[in-house]
Amino acid sequence: MEKTKIILDCDPGHDDAVAITLAANSPCIDLLGITVVAGNQTLENTRRNALNVVQWLGVDVPVYAGCGRPMIREKITAGDIHGATGLDGPVFPELKRKLEPEHAVDYIIRTLLASQGDITMVTTGPMTNLAMAMRMEPRIVEKIRRIVLMGGSYTNGNVTPAAEFNIIADADAAYVCFTSGRPITMIGLDVTRKVLCYPEIVERMGRVGNRASRLFVDLMAHFCKTQKEVFGWEGGPLHDPVTIAYLIDPGVITTKPMNTQIDIRSVQSYGRTNCDFFGYLHLSPTADVAIDIDADRFWDIVEAGLRNYG
C-alpha cells in the first residue's frame with residue numbers, strides 16, 4: 001500500500017493530539033513533519049503540547065514551531081475549551097524532545113519545493129503557517145497535492161453564528177488557501193459534531209490498554225467536561241481526527257463539491273465559509289465540503305489507530 005505523505009499543521013489542542021496519534025503510526029500515512037501554530041492556545045503552549053504528545057507516543061516525527069499570531073487580525077485562543085495549557089488533563093513526564101530549529105513556514109516551503117507534488121497539507125488549526133508559506137514562496141502552491149482541513153461549516157459556526165474557530169482565528173489565511181486553486185477537502189462542524197465522544201466511547205478506547213489509549217482517555221476527561229460546560233453536550237466532538245480518518249479511509253465521509261468563499265469583509269459574518277450548497281451562484285466548485293460521516297466507521301478507525309501502538 002502506498003502511504004499518503006502529509007505535513008500536519010496543528011495547534012494542540014485535545015483533538016489535535018488525537019489527530020497526531022492517528023497519523024504518526026498509521027500504515028496508510030507517511031507523516032513527514034508536524035508544524036505548529038498558535039490557535040487553541042498560544043504558540044508557547046501549542047508547541048510544547050505537540051512535543052509532549054510525540055514524546056509520550058514514542059514516535060520519531062520532527063516538530064517545527066511556526067506563527068504565533070494571525071496574519072492581520074488580533075490573536076484569539078480557545079482556553080475555555082482546552083484549558084490554560086491548551087492540553088489540560090494529561091500529566092506528562094519531563095519534556096526532553098526538542099523543537100527543530102527551522103521555522104515551520106520555512107520547513108513547509110523547503111519540503112514542498114523538494115517534493116514531486118505528492119504531499120497533502122493537513123491543517124487542524126488556523127491556516128496561518130500554510131498561507132504565509134504560499135505568500136513567501138508562490139512556487140509551492142502547485143506542489144501541494146491537496147489541502148485537507150478541519151475548519152468552517154456550511155451551516156452554523158461555533159464562535160459566532162457564522163464562523164468556526166479555526167477560520168475566524170485567521171480568516172485572511174483561510175482566504176489565501178481557499179483562493180490558491182489547489183484541491184481542497186473541507187471537513188467542518190457539519191460532520192465533526194456528529195462524532196461526539198460519549199462516555200461509552202471513552203471506555204471502549206480505554207480497553208485498548210496501551211500508552212496511546214491511556215492518553216486518549218486522559219485527553220477526553222478534560223475535553224468532554226469542558227464541552228458539556230460550554231455547549232451542554234455529554235460528549236465532546238472529536239473535530240480534528242476526522243481529517244486523518246478521511247485520509248486513512250476516504251469512505252468515512254461524504255463530500256459535495258461547492259463554491260466556497262471566506263468572508264473577510266463583513267463584521268457580523270467575518271470568518272464564515274460561504275458554501276454554495278445549491279449552486280445558486282453558478283460558479284465552479286472550489287472545495288469538496290464534507291456533508292456527512294459514518295460515525296461507527298470513524299470510531300473503528302480511531303480504535304484501530306490506538307491499537308497500532310501495540
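**Core and helix packing in a predicted model**

Let me start with Ile34, which touches Leu8, Cys10, Ile20, Val54, Val61, Pro62, Val63 and Tyr64, leaving out residues up to four places away in sequence; contact here means heavy atoms within 4.5 Å. This is a predicted model, where local features need pLDDT of at least 70, side-chain atom pairs count only at pLDDT 80 or more, and totals for chains, interfaces and linings use all residues. Residues are numbered from 1 along each chain as its sequence is written, and side-chain values use heavy atoms, without hydrogens and water.

The largest nonpolar core has 62 residues, and Ile6, Ile34, Phe216, Met220, Phe298 and Trp299 touch the most other members. A core is a set of buried Ala, Val, Leu, Ile, Met, Phe, Trp, Tyr and Cys residues joined through side-chain atoms within 4.5 Å; buried means under 20% relative accessible area, with a 1.4 Å probe and protein chains only. A second, separate core of 40 residues includes Ala133, Ile147, Ile167 and Ala287.

Next, helix 4. Seven of the ten residues in helix 4, residues 104–113, are buried, so the rest of the structure largely encloses it. Helices are DSSP runs of H or I, at least four residues, and strands are E runs of at least two, numbered from the N terminus. Among what covers the buried residues of helix 4 are strand 1 (4–10) and helix 5 (128–136).

Last, helix 1 (residues 14–24) and helix 11 (residues 241–248) pack at about 20°, axes 8 Å apart. Axes are lines fitted to C-alpha atoms, for helices over the stretch in contact, and angles run from 0 to 180 degrees between N-to-C directions.

Conventions
Buried < 20%, exposed > 50% of the residue type's maximum accessible area, 1.4 Å probe, protein only.
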